[in-house]
Amino acid sequence: PLFNMEKVYRSFQYKKSSSLDSYPYAGIYGTYMGGGFVYEIDLSTVWSTGSLNTIQTDLDNLQKLNWIDKHTRALFIEFSLFNPNINLFAYCTILFEILPSGTLVKSVQFNPFSLYESAQGFSLFSFACDIVYLIVITFFMVKEIRSLIKIGFKKYFKQYWMYVEWLLIIFSWVSFGMYLYRLWSRYELMDKLRENYEASLNNQPQQIVKLQKLSYWNDILLITISICSFIGILKFLKLLKLSRNIKFLTQTFQNCFKDMLCFLIIFLVIWLAFVNMTYLIYNDKTNQFTTFIQSMETTFLILVGKFESNSFTEASPILGPIIFIAFNLTLVMILINMFV
């Protein structure tokens with residue numbers, strides 16, 4: 001019998017990404033927008049009744065009503081976890097992509113992140129280092145502005161290290177803005193959890209709490225911090241310029257910059273030609289070439305000698321060795337040696 005059809009009925013109503021508080025999601029075979037048809041699994045009923053009968057009945061009804069039909073292109077199973085012992089949140093996604101041929105392709109993604117920082121021990125020391133870092137960045141920004149005013153725009157923008165300094169300053173302030181946004185999102189998340197707890201006490205419907213937005217912005221914060229770390233390490237080259245050998249190497253690169261740029265263009269054209277050929281031939285034969293990006297990664301591993309030729313020979317006994325030998329002769333033996 002069909003009963004408790006209210007949630008089943010709502011699952012056939014399309015919801016926009018704004019109402020679901022969701023972002024686009026990139027799968028293996030496509031990128032899917034945040035909107036869709038949603039069935040909410042309420043675990044509070046399981047805790048109160050100690051049975052999965054209600055959820056099982058709803059899933060049976062969805063199957064009878066063809067909730068997943070020939071027009072369905074992706075099925076998402078999303079849930080969030082929190083481990084209070086190690087202060088770690090996790091946004092978890094299990095994606096089933098339904099191809100036009102009827103094939104199901106599964107992909108899993110777990111994005112752990114931390115929102116709370118204790119005010120003791122190493123966390124307090126890390127917070128103090130963050131404050132010192134912001135003071136130093138502010139000092140360098142004021143210094144660069146004064147240098148710009150003093151020497152003028154033309155001379156200032158001819159300096160190479162000027163671009164490095166401003167990249168570090170920009171990404172540092174972007175990281176600070178991301179940190180403040182994550183801090184605000186943490187309080188917003190706590191408010192939603194508090195409202196859900198009060199609603200559960202009053203037997204009222206609870207709102208969906210998704211960690212996708214927090215997970216995405218946390219990844220962006222990690223990226224900006226990584227870029228700051230990369231640029232900061234590059235600044236050590238300014239200190240190494242005092243060395244005679246490093247200064248000689250720098251002058252060498254400056255004198256042959258145009259030749260290196262021409263060589264880079266030729267190298268990229270030939271490399272991308274091999275990448276495109278291997279992708280078109282092997283995308284349905286081996287896992288290393290299923291996408292164009294994976295083909296780029298695999299061919300780069302061949303350049304550094306970290307790839308075995310078994311995938312070429314097993315997938316195509318005749319054409320595989322020919323491509324592998326041609327790739328090594330052209331890029332490794334000829335072009336790399338020309339660069340050296």
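Modeller: The largest nonpolar core has twelve residues, namely Phe263, Phe267, Trp271, Phe274, Val275, Ile302, Leu303, Phe307, Phe324, Phe327, Leu331 and Leu335; a nonpolar core here is a set of buried Ala, Val, Leu, Ile, Met, Phe, Trp, Tyr and Cys residues joined through side-chain atoms within 4.5 Å, and buried means under 20% relative accessible area, exposed over 50%, and partly exposed in between, with a 1.4 Å probe and protein chains only. Please keep in mind that this is a predicted model, in which local features need pLDDT of at least 70 and side-chain atom pairs count only at pLDDT 80 or more, while totals for chains, interfaces and linings use all residues. Residues are numbered from 1 along each chain as its sequence is written, and side-chain values use heavy atoms, with hydrogens and water left out.

Biologist: Which elements give two or more residues to this core?

Modeller: Those are α11 (257-282), α12 (292-303) and α14 (319-339), and α11 gives the most, with five residues. Helices (H or I, at least four residues) and strands (E, at least two) are DSSP runs, numbered from the N terminus.

Biologist: What is phenylalanine 274 in contact with?

Modeller: Leaving aside neighbours within four places in sequence, phenylalanine 274 is in contact with Ile323, Ala326, Phe327, Thr330 and Leu331, where contact means heavy atoms within 4.5 Å.

Biologist: Switching to the sheet, what is the strand order?

Modeller: Three strands form an open sheet in the order β5-β6-β7, with antiparallel pairing; two strands pair if DSSP finds at least two bridges between them. β5 (74-83) and β7 (104-113) stand at the edges with a single partner strand each, so one side of each is left without a neighbour in the sheet. Direction ignored, neighbouring strands of this sheet are turned by 10 degrees against each other on average; axes are lines fitted to C-alpha atoms, for helices over the stretch in contact, and angles run from 0 to 180 degrees between N-to-C directions.

Biologist: Which helix packs on the sheet?

Modeller: Helix α8 (residues 212-234) does, touching β6 and β7, and its direction makes about 70 degrees with that of β7.

Biologist: How many bridges join β5 to β6, and which residues are partners?

Modeller: Ten bridges join β5 to the antiparallel strand β6 (residues 88-98); among the pairs, phenylalanine 76 has leucine 95 as its partner in β6, and isoleucine 77 has isoleucine 94.

Biologist: Is serine 107 buried or exposed?

Modeller: Serine 107 is buried, with a relative accessible area of 14%, and, not counting residues up to four places away in sequence, serine 107 touches Ile28, Thr93, Ile94 and Leu95. The strand β6 is itself mostly covered, since eight of its eleven residues are buried.

Biologist: What about serine 114, where does it lie?

Modeller: Serine 114 lies in the loop between β7 and α5 (122-151) and is partly exposed, with a relative accessible area of 29%. With residues up to four places away in sequence not counted, serine 114 touches Asn87, Leu88 and Arg182.

Biologist: Last topic, helix α4: which of its residues are buried?

Modeller: Ile55, Thr57, Asp58, Asn61 and Leu62 are buried, and seen down the axis of α4 the buried residues fall within an arc of 160 degrees, so they line one face of the helix; the arc is that of the directions from the helix axis to the C-beta atoms. The face turned away from that buried side carries the exposed residues Asn53, Gln63 and Lys64.
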